[in-house]
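Okay, thanks everyone, let me put this one up on the screen. I'll start with the metal site and then move on to the chain contacts.

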Amino acid sequence: MTETTVSTLTPPRAARRGWAGQAGRSALPVLTVLAAIVVAWYLAAVWMNAPWVRDQAARAGETVTTGQLLRATMAQERPVLPAPHQVAAALWEGVTGQSVTSKRSLVRHGWITLSATLAGFALGSAAGILLAVGIVHSRVMDLSIMPWAVASQTIPILAIAPMVIVVLASVGVTGLLPKALISAWLSFFPVLVGMVKGLRAPDPMQFDLMRSWNANGGQVLRFLRFPSSLPWLFASLKVAIAAALVGTIVGELPAGATQGLGARLLSGSYYGQTIQIWSALFAAAILAAGLVWLIGAVARLTLRRMGLAR
Amino acid sequence: MSAAVAPEAPRSDRAALAFWAGLVALALLWDARLGALAALWAAGWLTNGLLAWWGGPTGRTAIPLVFGATLLALWEVAVRLYAVPSVILPAPSAIGARFAADLPMILSDLWQTLVKGALTGWLLGAALAVLTAIAIDRSPFLQRGLLPIGNFVAALPIVGIAPILVMWFGFDWQSKAAVVVVMVFFPILVNMVAGLAATDALQRDQVATWNAGYWQALGKLRLPAAMPFLFNGLKITTTLALIGAIVAEFFGSPTRGMGFRISTAVGQMDLPLVWAEILMAALAGSAFYAIVALAERRVTFWHPSQRQ
Amino acid sequence: MNRPEPALHLSQAPAAPVIEARGVSLTFPTADGPVHALKDVNLSIGQGEFVSFIGPSGCGKTTFLRTIAALERPTAGTLTVNGMTPDQARRARAYGYVFQAPGLYPWRTIAGNISLPLEIMGFDKADREARIARVLELVELGQFGSRYPWQLSGGMQQRASIARALAFDADILLMDEPFGALDEIVRDRLNEALLALWARTGRTIGFVTHSIPEAVYLSTRIVVMSPRPGRITDVIESPLPRERPLEIRDSKIFAELSHRVREGLRAGHGAGDD
Amino acid sequence: MNRPEPALHLSQAPAAPVIEARGVSLTFPTADGPVHALKDVNLSIGQGEFVSFIGPSGCGKTTFLRTIAALERPTAGTLTVNGMTPDQARRARAYGYVFQAPGLYPWRTIAGNISLPLEIMGFDKADREARIARVLELVELGQFGSRYPWQLSGGMQQRASIARALAFDADILLMDEPFGALDEIVRDRLNEALLALWARTGRTIGFVTHSIPEAVYLSTRIVVMSPRPGRITDVIESPLPRERPLEIRDSKIFAELSHRVREGLRAGHGAGDD
Amino acid sequence: ADPLTLQLKWVTQAQFAGYYVAKDKGFYEEENLDVTIRPGGPDIAPTQVLAGGGADVTVEWMPAALAAREKGLPIVNIAQPFKSSGMMLTCLKETGITNPATDFKGKTLGVWFFGNEYPFLSWMNTLGLSTDGGPEGVTVLKQGFNVDPLLQKQADCISTMTYNEYGQVLDAGISPEDLVTFKYEDQGVATLEDGLYALEETLADPAMADRLVRFVRASMKGWKYAEENPEEAAQIVLENDETGAQTEAHQTRMMEEVAKLTAGSNGTLDEADYQRTVDTLLSGGSDPVISAAPEGAWTHAITDVALQ
Ligand SMILES: Nc1ncnc2c1ncn2[C@@H]1O[C@H](COP(=O)(O)OP(=O)(O)OP(=O)(O)O)[C@@H](O)[C@H]1O
Ligand SMILES: Nc1ncnc2c1ncn2[C@@H]1O[C@H](COP(=O)(O)OP(=O)(O)OP(=O)(O)O)[C@@H](O)[C@H]1O
Ligand SMILES: Cc1ncc(C[n+]2csc(CCO)c2C)c(N)n1
Ligand SMILES: [Mg+2]
Ligand SMILES: [Mg+2]
C-alpha cells in the first residue's frame with residue numbers, strides 16, 4: 001500500500017500515443033492473459049472429457065494410461081468441452097476452408113448476422129437517443145415512456161420473437177428487417193438509460209450559463225447536453241452493440257433458423273456437435289469483441305478530438 | 001437547471017392539439033377502424049399533456065398510468081376491431097382473467113425464475129464485474145490484457161452459452177443464474193470501468209497529496225465517483241437478468257419457471273397464459289428496476305442528474 | 001440575428017429603473033432547516049448604473065445576482081427587470097453573466113467557449129470571429145484562443161469567462177467576483193477597460209467584489225450586505241465623476257468612501273447569525 | 001496511526017533547506033507548440049519559512065507549487081524536499097495542499113470533506129471530530145459542517161477547502177490563492193489565524209497570492225515571478241519580525257516592501273511573451 | 001405456377017425428406033405448384049404460423065394439432081404420410097429400468113415440451129404415475145435440444161426419436177447393449193406424428209383445396225421416391241440445409257429410419273390410427289390432453305382426390 005497509486009502522476013501527454021504504440025504495448029499483456037486462459041481451458045477440457053473416456057474404456061473392459069487419457073480427451077468428436085485447438089481448427093476451417101459463399105462458411109453466416117446486427121444497432125441506438133432526448137425535454141414523456149420502456153425490456157424476447165416474425169411476415173416484412181427489429185429492441189434500452197443519465201449529467205452551472213444566454217432546448221441539447229453525455233453514450237453503445245448481436249442471434253432462431261451464426265449454434269446444439277457450437281460461439285464473440293473494440297476506438301478518437309480524453 | 005426554477009409551461013399546447021387532430025382525421029380517411037385507434041391515442045396523450053401541466057404528485061403518478069391505460073385500451077380495441085385470433089394475440093381482458101386465475105402458479109414460477117435464477121445471478125455477476133473492473137483499474141497490465149478478452153468472453157451470445165451452461169450446471173436454477181452472471185457481467189464491467197475513470201483531475205491530485213494508498217483512493221474517491229456509472233450498468237442489467245433467466249429455461253429446466261411455462265404454453269397455443277406470464281415478468285422487472293433506481297437516488301443524491 | 005448595438009446613454013444616471021426589487025426574500029430549504037439567503041431586499045437600479053455588491057462571504061450576493069438573472073425565483077417579493085419579469089428579460093437576452101467560477105466547457109477551446117453564446121444568439125461567422133478576437137485581446141489572452149480550458153491557469157480561465165460574457169452586447173452585465181483571481185496589475189487594467197466599456201455602451205452593471213477599492217473605483221453605487229439572513233445594510237452613492245483615472249484612488253473622497261464601505265462591512269460581520 | 005505533532009521551531013529562520021529547486025524547468029507540450037510554464041527556477045526554502053509567490057496570471061505559480069507537491073514532474077533540473085524527491089516526501093505525507101479551486105467532494109458533507117484526509121491518514125474517530133470542529137471554527141464555518149458543498153457560497157467552499165488542509169499537521173503547507181474569494185474582514189482574520197498557526201507549529205509554508213499587502217504581511221520571503229517562460233525575477237527578504245500585529249501594515253517598511261513587490265510585478269508584466 | 005407455403009415442424013432434416021425431394025425432383029413443378037418450404041425451429045409453433053397466415057399447410061403432430069383445435073384454431077388433418085410413431089424413451093441400462101409399469105417410480109425423465117409433451121403425459125397417465133416428482137411419481141426435466149442429459153447422467157431416461165436422437169446417443173459412444181428403449185408404439189400409446197394440416201377456411205376455398213390436392217399428390221410421390229432412394233434423398237436434404245451443419249452420414253441414417261415410419265402409408269389417414277390417437281389423448285385421467293373427442297379434425301377430401 002506504499003507504492004504510488006493514483007495515476008495523476010502520469011501527465012496527460014504520456015497518454016497520447018499513436019495507435020501503433022498502443023497496440024504494441026497491449027500485445028504482451030493480451031498474450032499473457034490469453035495464454036493463461038488457454039492453459040486453464042486445456043485443463044478443464046481434460047477434466048471434463050475424461051469421464052467419457054474412462055466410461056468408454058470401462059465398457060470395453062480396458063484400462064487407460066494417463067497418456068492415452070490425455071490424448072483421448074483432446075481429440076473427441078463430441079467432447080463435453082472441446083479443446084482450444086479443436087475450436088481453432090473448426091474456426092479456421094469454417095473461415096478459410098471454403099469459399100465465402102458456401103453454406104458451410106462461417107464468413108457467410110457471420111456476415112448475415114453482422115448485417116442484421118448493424119441494422120438493428122443503428123435502429124436501436126437511434127431510437128434510444130431520440131427517446132432520451134424526448135424524455136429529458138418533456139415531462140410527459142419522462143413520466144409516461146420511461147416505466148414502459150423498462151417494462152418492454154422485461155418481455156422475454158425469445159418468447160415473442162416468433163410472434164413478431166409471424167406478424168411481420170404476414171404484413172410482408174421478411175428477410176433482414178425482422179431480425180434487425182428484435183436486435184433493435186434489445187439494444188435501444190441501454191442507450192436510452194445511459195443517454196437519459198448523460199443528458200442530465202452536466203454541471204448545474206453550465207445549465208445556468210445556457211439559461212442566461214436564453215439558449216433554446218435544441219441549443220442546450222446541441223451545445224451542452226450532447227457533448228457532455230458522450231462518455232455515457234459510448235459506454236452505452238458498447239453494451240448496446242453486444243446486445244444487438246445477441247438480439248440478432250435470438251431473432252435468427254425463429255426466423256426459420258436457416259442462416260446466420262444463430263442458426264449454426266442451434267443446429268450445432270441440436271445435433272450435439274459441440275465443436276461446431278463452440279466455433280460458432282467464438283465467431284459470434286469475435287464479431288462482438290470486434291464491434292465493441294471499434295466503438296471504443298471511435299470513442300477514444302472522438303473524446304480526444306474534443307479535448308476530453310486526458 | 002436550477003432547482004428553484006419551475007419548468008416552463010408548455011408553449012406547444014395548441015400545436016399538439018392540431019397535430020393530433022390532423023393525424024386522427026388522416027387515419028379516419030384511411031380506415032374508420034384506424035381512425036378510432038388514432039383518436040384513442042390522441043385522447044390519452046392530450047390527457048397526459050394536461051396532467052403534466054397541472055403537475056402535482058397526483059399528476060406524476062397518473063401520467064404513466066394514463067399512458068399505460070391508453071396502450072391497453074388501444075390493444076383491446078384493436079384486437080376486437082380487427083378480429084385478431086387469440087392464438088396470435090389475445091386481448092388484455094383475456095390475459096387479465098388468466099393472470100388472476102393462475103396467480104399461484106405464476107407466483108411459483110416467479111420465485112423459481114426471478115428470485116432463485118435472476119437475482120442470484122445478478123448479484124453474483126454484479127459483484128464479479130465490479131471486482132474485475134477494480135482489478136483492471138488496479139493493474140495497467142490487466143487493463144491491457146484483460147479488458148479486450150473480457151469484452152470477448154462476456155460478449156458470448158446467450159443462446160450459445162445457455163445450452164452449455166445447462167450441461168455444466170444442471171437443469172435447475174443454478175444454470176439460469178450462471179447464464180445471468182454471464183449476461184450482466186459485461187454491461188456492468190463497461191460502466192464500472194468508465195466510472196472509475198470519471199474522477200476529475202483536481203480530486204485525484206488531492207488524494208495524491210494526502211498520499212492515499214490505492215485502496216483508500218478507491219474507497220474514498222473513485223468508488224463514490226463511479227457510482228452514477230455503476231448504477232447505470234445495474235439498471236440496464238435488471239431487465240437483462242430477467243430476460244436471461246427466462247430465456248435460459250428454454251434450453252432445459254425443471255417443469256416450473258417462467259421460461260418453461262412460456263415456451264410450453266406457446267407450444268400449447270395457450271397464448272393468454274403466455275401473456276399472463278409476460279405480464280408478471282413485466283411487473284416484477286419494473287419493480288426490480290424501480291428498487292435499483294431508488295437505491296441510485298439514495299446513493300448518488302449528489303450527482304447533478306439527481307439534483308435537478 | 002445580428003443584434004444592434006444598444007443606444008449610447010452617457011452619464012445620465014440614475015435614470016429609469018432597470019432593475020427593481022421590492023421585498024425580495026429567498027429561502028433555501030435544507031435538511032437542517034431553511035436558509036434565509038435573502039430577506040426583504042429592496043433595491044432599484046437605474047439604466048446605466050454601475051452597482052457593486054459587497055459583503056461577507058455567504059451573505060447572499062451571488063443569490064441576489066442569480067435572482068436578477070432568473071436563475072432563482074424569489075420566495076417572496078417582486079423583482080422586475082425593464083418592467084418585465086426576470087424570466088422575460090432573460091428570454092429577451094438582456095443578461096451577460098460572469099459566474100463566480102469560470103465554468104468553461106471543457107470540450108471547447110477558449111475561442112470556442114467565447115463563440116458559444118454568439119452561436120446561440122445567431123451571430124454570423126465573420127462577426128463572431130471579430131468579436132472573439134476583440135474580447136480575447138481585451139482580457140489579454142490573444143494567443144490562447146486555441147487552448148483548452150484545462151491548459152490554462154486559474155486566472156486565465158477566469159479572464160476567458162469574462163471575455164465570454166463581454167462578447168455579446170447584453171444590456172445588463174452581471175459579474176460575480178470576476179477579477180478575484182487576478183493580480184493587481186491586470187486587475188487595474190481590466191478595471192479601466194471595464195469602465196471604458198461601460199462609459200461607451202451605457203450598460204447597466206451589477207458587480208460583486210470583495211475588494212473595497214475596486215468597488216469604490218468602479219461603482220456609481222455600492223450595496224453593502226450582511227449575512228444570515230442576507231439583507232442590504234447600506235447603500236452608498238458615489239459622488240465620483242463618471243470619468244475616473246486610476247489616480248482618483250489617491251483622492252480624499254475615495255478614502256472616505258472606502259472607509260464608509262469598510263465600516264458597513266465590519267458592521268455586517270458583527271451582525272447576528274440568525 | 002496517529003502522527004505526532006511536529007517539533008516546534010520558533011523563529012529560527014532561515015534554517016536547513018526544506019525545499020531546494022535547482023534549474024527546474026517544466027514544459028507542457030500542446031497542440032500549438034510547447035508552453036514553458038517554468039524555466040530554470042532556482043530557489044531554496046528553509047524550515048519554517050513563509051514564502052509567498054506573486055506574479056501575473058499564468059506565470060507558473062500553480063505549476064511550481066504542483067511540482068513541489070509531486071503533482072508534476074520537472075522536465076529539467078532537480079527538486080528535493082527534505083532531501084528526498086518530492087514523490088518520496090509526498091509518500092511521507094509532508095504536504096497539506098489548498099488548491100486554487102475548492103475541489104470539494106459532492107457526496108460528502110463539509111465535515112465529511114474535512115474528515116477525508118484524516119481518515120486516509122488513520123486518525124481515530126474522536127481525534128477526527130475534535131480536529132474538524134476546531135478547523136471549522138477557525139474558518140468560521142462552525143454551523144455548516146453538515147451541509148453539502150453545493151449548498152455553500154463560493155467563499156464558504158474555499159474556506160472549507162482551507163479547513164481541510166489545516167486539519168492534519170503536514171510539515172509543508174502549500175496554499176494556492178486560498179483567500180481569493182473572501183472579503184477583507186474575513187481575510188484579515190484568517191491571515192492572523194494563519195500567522196498564529198505558523199508561529200505555533202513552525203511549518204514551512206508556500207503561499208500563492210495576488211494581493212501585495214497580503215504577501216508582505218505574511219511572508220518571510222516574497223518570490224516574484226514573470227510569465228512565458230515562467231521564471232523568478234525577484235526574491236525579496238522581509239525584515240519584518242515574526243510577530244506581526246495587523247497595524248504593521250501601516251508602517252513605512254511595509255509600504256517600502258509593497259512598493260518593491262509592485263515594481264517587480266510591473267516589470268514582470270512588461271516581460272516578453274516568448 | 002400456384003404458390004404454396006409449407007411450414008415444417010423442425011429444422012431441415014431427413015424427417016422432411018419427402019417434401020424436399022418433391023421440390024428438388026420437380027414433382028411440385030409438374031403439378032404446377034411453386035412450393036416454399038419454411039424450416040421450423042425450437043420455438044416455432046407450426047399451428048401458430050398457420051393461424052397467422054405465414055403458411056398454407058404445415059407438418060405437425062396430431063396431439064398438438066388436436067389440442068390447438070380444442071383451443072379454437074380450426075385445423076384439419078388432410079394427409080398422414082407417417083404411419084407409425086418414432087418416439088421412444090431411451091434409458092441407460094445401469095439405471096435398472098426394465099419394466100415401465102414398475103420401474104419409472106422415482107426416476108428422472110427427460111421430456112420435450114413445446115406441444116410435444118402430450119404423448120408422454122398420456123403414457124404416464126395410463127401408467128398411473130404422477131409427473132410432479134416425488135418417490136411415487138417421476139421427475140420430469142424439460143429436455144433441451146440434445147441428448148446431453150443422458151450422457152451427463154442428469155436424467156435416467158430421455159426422449160428420443162428412432163431416426164435422430166437415438167442415433168446421437170449411439171454416436172456418443174454408448175452401445176445399444178448399454179441402453180434400454182421403450183417405443184411408444186410398443187407400449188400401446190403411440191400417437192400419430194408428422195401429418196399435414198390446413199385451416200378449415202383454406203379447405204373451403206376450392207382453388208386452395210385444389211392446390212392442396214396437387215401438393216399432397218406430389219409430396220407423396222416425393223416420399224415414395226425418398227423411401228426407395230435414401231442416399232439421394234439425404235443428399236437432397238443436405239443441399240437444402242442453409243445452415244450447412246448437417247452431416248451426410250447422419251442424414252442418410254435418419255432417412256433410412258424415417259422410411260420405416262412412412263412405409264405403411266400412402267398418405268391417407270387411417271381412421272383406426274386416428275381413433276387410437278384420440279383414445280390415448282382422452283385417456284389421461286384427471287388431466288387429459290383433450291377433453292372431448294374432436295369433430296371434423298380430419299378429412300379424406302384431399303387424399304381421396306389426390307391419390308385415386
Ligand atoms: N442551493 C443552495 N441550497 C442551500 N443553501 C444555499 C444554496 N445556495 C446558497 N445557499 C446558502 O445561501 C447563502 C448565500 O449564498 P450566496 O452564494 O449567495 O453567498 P455569497 O454572498 O455569494 O457569498 P460568497 O462571497 O462566499 O460567494 C449561504 O449561506 C449559502 O450557504
Ligand atoms: N496542463 C497544461 N497543459 C498546457 N499548458 C498548461 C497546463 N497547465 C498550465 N499550463 C500553462 O502553464 C502556464 C502556467 O500556468 P499556472 O497555472 O502555473 O499559472 P499561475 O501562475 O498559477 O496563474 P494564475 O495566477 O492565473 O493561477 C500557463 O501559461 C498555462 O497556460
Ligand atoms: C424444444 C424442443 N422440442 C422438441 C424437440 C425434439 N424434436 C426434434 S424433432 C422432433 C419431431 C418434430 O420434428 C422433436 C419432437 C427438441 N429437441 N427440442
Ligand atoms: Mg458568491
Ligand atoms: Mg494558479
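So, the magnesium ion, ligand 4, is coordinated by Thr62(C) through OG1 and Gln100(C) through OE1, at 1.8 to 2.3 Å. Donors here are N, O and S atoms within 2.8 Å of the metal (3.2 Å for Na, K and Ca), and water is not among the atoms, so sites may look incomplete. Keep in mind this is a predicted model: local features need pLDDT of at least 70, side-chain atom pairs count only at pLDDT 80 or more, and totals for chains, interfaces and linings use all residues. Residues are numbered from 1 along each chain as its sequence is written, chains are lettered from A and ligands numbered from 1 in the order in which they are written, and side-chain values use heavy atoms, with hydrogens and water left out.

How exposed are those two residues? Thr62(C) is partly exposed at 24% relative accessible area, and Gln100(C) is partly exposed too, at 22%. Partly exposed sits between buried, under 20%, and exposed, over 50% (1.4 Å probe, protein chains only).

Now, chains B and A. The contact (heavy atoms within 4.5 Å) takes 82 residues from chain B and 75 residues from chain A.
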